[in-house]
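This report describes selected features of one protein model. Please consult the sequence and structure shown below while reading.

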Amino acid sequence: MSYNKKALKQYNMIGLETAVSEASPHELVNMLFVGALTAITRAKGLIEQKDMASKGEQINKASRILVHLKGCLDLEKGGEVAANLDPLYDYMIQRLTVANRDLDVTVLGEVAQLLSEVKSGWEAMPEKKI
């Protein structure tokens with residue numbers, strides 16, 4: 001890795017760390033949605049470029065984010081919304097596994113659409129002040 005690429009990567013990490021440290025819990029969840037959607041978009045491009053190793057890394061990143069989001073659900077306090085998101089996250093994780101195995105950009109698009117809808121709903125919710 002060249003010096004310029006290494007410096008840019010460090011600069012971006014500092015920017016991300018700053019954004020995370022200053023974000024509210026509501027904003028942090030939104031960042032996770034963006035991260036998963038970005039990883040899915042990158043995976044689509046990497047499949048088209050036939051870069052299978054990097055494709056797998058991006059799909060795994062999206063899957064890990066979904067596993068984390070699922071793990072953060074409060075099924076007792078979250079009511080019907082959490083109860084509906086729980087199996088939806090499972091479904092999306094399963095579909096990412098299929099997309100990874102079958103190199104299927106259509107399945108990635110399906111997951112991205114579902115996740116975008118969840119993200120839109122999240123953004124429409126008022127942020128609770130803690």
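Leu103 is partly exposed, at a relative accessible area of 39%. This model is predicted. Leu103 belongs to the loop between α4 and α5, and its phi is positive, about 55 degrees, although Leu103 is not a glycine. Most residues other than glycine have a negative phi.

A positive phi also occurs at Lys50, a residue other than glycine, where the value is near 60 degrees. Lys50 is located in the loop between α2 and α3. With a relative accessible area of 67%, Lys50 is exposed, because this value lies over the 50% cut-off.

## Helix α5

Helix α5 spans residues 105–124. Its 20 residues extend 28 Å from the first C-alpha to the last, close to the 28 Å expected at 1.5 Å a residue. At the N-terminal end, α5 is capped by Asp104, with a side-chain oxygen 2.8 Å from the backbone nitrogen of Thr106.

Val107, Leu108, Val111, Ala112, Leu115, Val118 and Lys119 are the buried residues of α5. They lie on the same side of α5, because the arc they cover around the axis is only 135 degrees. An α-helix has 3.6 residues a turn, so residues three or four places apart point the same way. The cover over the buried residues of α5 includes α2 (25–48), α3 (52–71) and α4 (79–102). Thr106 and Ala124, on the other side of α5, are exposed.

## Lys119, a buried lysine

Lys119 is part of α5. Its relative accessible area is 16%, which is under the 20% cut-off, and Lys119 therefore counts as buried.

Which residues does Lys119 touch, not counting those up to four places away in sequence? They are Asn30, Phe33, Val34 and Leu37.

## The largest pocket

The largest pocket contains about 780 Å³ of space. It is lined by 25 residues, of which Val29, Cys72, Trp122, Met125 and Lys128 are the closest to its centre. Two or more lining residues come from each of α2, α3, α4 and α5. The greatest contribution to the lining of the largest pocket is that of α2, with 6 residues.

Methods
Residues numbered from 1 in each chain as written. Predicted model: local features only at pLDDT ≥ 70, side-chain atom pairs only at ≥ 80, totals over all residues. Heavy atoms only, no water. Helix = DSSP H or I, 4+ residues; strand = E, 2+ residues; numbered from the N terminus. Buried < 20%, exposed > 50% of the residue type's maximum accessible area, 1.4 Å probe, protein only. Contact = heavy atoms within 4.5 Å. Expected span 1.5 Å × (residues − 1). Arc of directions from axis to C-beta. Polar contact = N/O pair within 3.5 Å; in protein donor to acceptor, adjacent residues only side chain to side chain. 1 Å grid on protein atoms, 1.4 Å probe; cavity = no way out; pocket = protein on both sides within 12 Å on 5 of 7 lines; lining within 4 Å. Points joined across faces, edges and corners; volume = space filled by probe spheres on them.
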